[in-house]
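Reader: Got a model to go through with you. Can we start with the helices and then move to the sheets?

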Amino acid sequence: MTWHILGAGSLGGLWATRLARAGLPVRLILRDRSALARYQAAGGLTLVEDGVASLHAIAAETAQGEAPIQRLLLACKAYDAEAAVAELAPRLRPDAELILLQNGLGSQQAVAASLPRARCIFASSTEGAFRESDFRVVYAGRGHTWLGQEGVTPPPQWLAELQAAGIPHQWTAAILGRLWRKLALNCAINPLTVLHDCRNGGLRDWPQEVAGLCEELALLLRAAGQAEAADDLHQEVLRVIEGTAANYSSMHQDVAHGRRTEIAYLLGHACREAQALGLELAQLQALHLRLRLYLAARGLPET
Ligand code: NAP
């Protein structure tokens, strides 16, 4: 079974190169003909791991290819997910399996709603990778990927392929709880690092802001039926701030590089859910507004 991978960026590249070097069939789906031409000129995807670079000449095509797709790893940003899947829809088999690597929440549900017969598997990853240049991916941080379909216990058989490829993973029937917990950690840390223009450790100077947000986020998680994800949230946020004190958050890095953020699927999603649940979360709403104004002032999309 071929692994079709849409998006030859950081995570897509990390998955594609590891699957390919384990001898599994992989095909990349690139944005357009110009990306395909640049990819062919590069001779493939380069993975830099522990300082050692390896080139992988993985087959690639655009969405306009002909072959039907049974298994798709969707490795684009959350804001590109729905459009990317719509473009590929004519090639997806009715019972296709999609693995959705997007951060935050909202994009996965939109994709799943657009393909009611497909099996959509959500993923939450703590692996870290970045693009050093086009088609050159650096494996920056070892981590783990949780995969699952809410309430579905038996894992798909192809998990053995991830094992063979050395991709650390675990199947979970409670994937929404994981995604919500990660979203809450992100909401408590990332926007503040952007607004205060600081590394994660810089939030030690804003303990009350952090504590207030954690309190509201825990209320939201409980109201959304994710009580477990609310447990000890503040303590974990403080641990993350300490453990990653020297790092810039992903949202800070996006803004610093003038890149679009995934705000709509993180803080934006939290605020939309709070509103739908009839919750008044003043600090979260105020943070969202401040962040949107901050982004708009820098010419970046507010959603
Ligand atoms: P990325 O480096 O920006 O890669 C995304 C790739 O998708 C880009 O190559 C982009 O092409 C491509 N793409 C977008 N729309 C496409 C389309 N319609 N057809 C073909 N290709 C398309 O992003 P990433 O860092 O891998 O992040 C992917 C998701 O994983 C995000 O939700 C992120 O939050 C999450 N995540 C990332 C990491 C990490 O360490 N990087 C860790 C955990 C979670 P262009 O270059 O042409 O835009």
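Author: Val210, Gly212, Leu213, Cys214, Glu216, Leu217, Ala218, Leu220 and Leu221 are the buried residues of α7. Buried means under 20% relative accessible area, exposed over 50%, and partly exposed in between, with a 1.4 Å probe and protein chains only. Helices (H or I, at least four residues) and strands (E, at least two) are DSSP runs, numbered from the N terminus.

Reader: Is this predicted or experimental, and how are residues numbered?

Author: This is a predicted model: local features need pLDDT of at least 70, side-chain atom pairs count only at pLDDT 80 or more, and totals for chains, interfaces and linings use all residues. Residues are numbered from 1 along each chain as its sequence is written, and side-chain values use heavy atoms, with hydrogens and water left out.

Reader: What covers the buried residues of α7?

Author: The cover includes α6 (175–195), α8 (227–230), α9 (233–243), α11 (267–276) and α12 (282–297). Contact here means heavy atoms within 4.5 Å.

Reader: What span should α7 have?

Author: Helix α7 (residues 207–223) has 17 residues, and at 1.5 Å a residue they should span 24 Å. The end C-alpha atoms are 24 Å apart, which agrees. The expected span is 1.5 Å times one less than the number of residues.

Reader: And what follows α7?

Author: Gly225 does, with a positive phi near 85 degrees.

Reader: Switching to cysteines. How many disulfides?

Author: Zero, from a search of the whole structure. A disulfide is a pair of cysteine sulfur atoms within 2.5 Å.

Reader: On to sheets. What's the order in the eight-strand one?

Author: It is open and mixed, in the order β5-β2-β1-β6-β7-β8-β11-β12. The edge strands are β5 (59–62) and β12 (169–171), each pairing on one side only. Two strands pair if DSSP finds at least two bridges between them.

Reader: How do β11 and β12 run?

Author: Parallel, with three bridges joining strand β11 (residues 145–148) to β12. Leu147 stands opposite Trp171 in β12.

Reader: And the four-strand sheet, what order?

Author: That open sheet goes β4-β3-β10-β9, with mixed pairing. Its edge strands are β4 (52–56) and β9 (128–133). Five bridges join β9 to β10 (residues 136–141), and those strands run antiparallel.
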